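User: Could you take a close look at one helix in this model for me? I'd like to know how it runs, how it sits and what it packs on.

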Amino acid sequence: MLGYITRRIVFGAAVLLGTSIITFMLAFVVPGDPAVAMAGAKADPQTLASIRKELGLDQPIAVQYMRYLDRAVHGDLGRSYIRRESVTGLILSRFPATAILALAAMVLSLVLGVPMGVLAAAYRDRAADNALLVFSLALVSVPVFWLGAMLLIVGGLYLRSFPLGGFGDWKSLVLPTVTLALGSAGYYSRILHTNLVDALDQDYVRTARGKGLSRARVMAKHALANAMLPLVTLAGLDLAGLLSGVVLTETVFNWPGIGRLAFEAVFNLDVPLIMGTVLFSAFLIVVANLVVDLLYVWLDPRIRLGEHG
Amino acid sequence: MKLGVMEAVGAAMVLSLAILAIFAPALAPHDPTQAVAETFGNPGAPSLAFPLGTDQLGRDVLSRVVFGARITLTIGVAATAIMMTIGVAIGLVSGFFGGVADFLLMRFTDVVLTLPGLLLAMALVTVLGPSLLSVLGVIGLISWTGIARVVRAETLSMAQRDFVMAARALGAPAPRLIGRHVFPNVLPIIIVMAALGTSGALLLDAALSFLGLAVPPPAPSWGRMIEEANTYFLTAPWLAAFPGLAIFYAVLGFNLLGYGFLRRRARTTSL
C-alpha cells in the first residue's frame, strides 16, 4: 500500500514537472520581448538590458527554467506583465469567486445527474431509459457558452428575474451555476447508468434479490454503492477542473474568477499569468488525483491488501 | 450491421448536415456574404422574407447558417482525422507491444490528459494566430487522449486472441499482425470514437470561435456567427440563437450515432 501511494505521489510530481516544461516552452514561442512588454515600446536599450538582467533573460534557457521552477515551488509565479502584480496574488484574489461557482455547479450537477442515472438504470431498456439517454445526450451536446447566453437573455432580459451577469448576491449565482451544471449532469447520469447496469448484472445483486430484498433496497445498498465509486473519482477531477476556472461561463457572465483572468492573460499575451494559471490548474488536478487515489485505498480493500499494487 | 433507432436518427441528422453543406448554394435563399435587407446597420428580426432574420450588415441569417455547415463540418471532420491518427497510432502501439513502450506512452497520455485543454488551446491558437490550420492542429493535438486509451484497451484484448496468437506462431511480423489481424477488429470501436470525437471537436471549435479565435472571415462558421453576435446578444438574440441551435443539432447527431453504437455493443458483448 505504501508503494502504491509513493508511486502516485511520484507520478503527480512528474505530471507537474511535465506541465511546467510545456508551459515554459510555450513562453518561448510567444512572439515579442518580455522586456519590451514590461517597459513599453519606447524604452531605451539600457533599461531593456537591465530588465533582461533582472528577469534573468540573459541566462541559458535551462538555467532560466531551473530558476522558474525554484521560485514556483516556493509559491512565486512571477509578476504579470500587464497588471504589474504578483501572479500568485492575482490567482488567489480571484479564487473565491471561482470556488463558489464551482461548488454550486458540482452540487447541482450531482443532484440532477444521480437521480437521472438511477432512474434510467431502474427502467433499463424501456421507454423511460431511452428518453433519459436522449435527454442526457442533448444536455452534453449544448455549447456551454451558448446555453449561458440564452439563459441570460431569457432569465435576465425577458423575465428580469436575474442580473445580467456580474458577481453579487445569490441571484447572480443562479444562471452561471445552471449553465455549468446541466452539461455535467447529463454526463454523470450516463456514467452512472453504465456502471449501474454493469453492477445489476453481477452475482451479488442476484444473490441479494434471491434473499428476497426489494428492488429499491438492492439498488440503493448494493448496486449504487459500487456504481458510485467511479463517479466519485470523476466528480473529484471535475471539481479540480472547475476550481481552476471556467473560461467560457465566466466570460459570458462577466464572473470575476480565475477563468476570466486566464482569458485576459491569453489575450494580452501576458506570459507569466498564462503560465501561472495553467500551472495552478495542473496543480489542482494533480492534488485531486492524489486525494481520489487515497480515497480509493480507504474505500477499496483490494488496493489496501496490495492486489492492485 | 443493423441500425438501432438512436443510430438511425443520429445518422439521418449527420446526413442532413452533409447534404446542407454540399448543396449549400442551391439550398440557401441568398448569398451569405451580401447585404440583402436594407436595415441600415441594425439587425432585422425574423420575418416572412427572412425566416431567421438578418444581421447587422443586412445579410440573411438563414443563408449564413446553411453555408456555415460547410466550414463547420470541414473543421469537425478534419480535426477528428488528426486526433484519430494520433490516438489510434498511440493506442495500437501501446496495446500491441506493451512493456516499456506502453508504460511511457500511457504516462505521456496521462500528462496530456491533465493539461487544462481549453486554456492551452487558447494560448496555442493565440500564439500561432487563428487560421484553419492552427485551429485544426490545436484541436487535434489536445483531443486524442480518450481515443488512445480506448484503442489501447481494445488492442490489448485483441492481441491475446487465438487468431492473433496463431498468426504470430506462424511467424507473421508485427506490422502484418497489427495491420491484418488487430486493426480490422479494432475498427468498429475506432469508428464509434470518430463519431464522438467529431462532436467534441465541434464543441471545442465553437468555444474557440466564441472566444474570438475562429477561422478568419469570410468563412461564416457557426461559432464565428455567435461571436459576431456578441454585441447584439440582448437586442437581437436571433443572431446567436440560430447558429447555436445548428451547433447543438450537429453535436447531438454525432453523439446519438456514437452512443447508439456503444450501447448496442455493450448489450451484445454482455450476452
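Analyst: Here's a walk along helix α3 of chain B, with a bit of context first. This is a predicted model, where local features need pLDDT of at least 70, side-chain atom pairs count only at pLDDT 80 or more, and totals for chains, interfaces and linings use all residues. Residues are numbered from 1 along each chain as its sequence is written, while chains are lettered from A and ligands numbered from 1 in the order in which they are written.

Chain B has 11 helices and zero strands (DSSP runs, H or I of at least four residues for helices and E of at least two for strands, numbered from the N terminus). Its average pLDDT, the predictor's per-residue confidence from 0 to 100, is 85, and 95% of the residues score at least 70.

Now the helix: α3(B) takes in residues 61-97, 37 residues in total, and spans 52 Å from first C-alpha to last, close to the expected 54 Å (1.5 Å times one less than the number of residues). At B:Gly68 α3(B) bends by about 30°, the angle between axes fitted to the seven residues ending there and the seven starting there. Just past the end of α3(B), B:Gly98 has a positive phi of about 60°.

How does it sit? Of the 37 residues in α3(B), 26 are buried, so the helix is largely enclosed by the rest of the structure. Buried means 20 or more other C-beta atoms within 10 Å of a residue's own, with exposed at 12 or fewer, partly exposed in between, and C-beta atoms placed from the backbone.

As for packing, the axes of α3(B) and α9(B) (residues 174-210) come within 8 Å and cross at roughly 140°; these are lines fitted to C-alpha atoms over the stretch in contact, with angles from 0 to 180 degrees between N-to-C directions. That makes α3(B) and α9(B) oblique to each other, because under 35 degrees counts as roughly parallel, over 145 as roughly antiparallel, 65 to 115 as roughly perpendicular and the rest as oblique.
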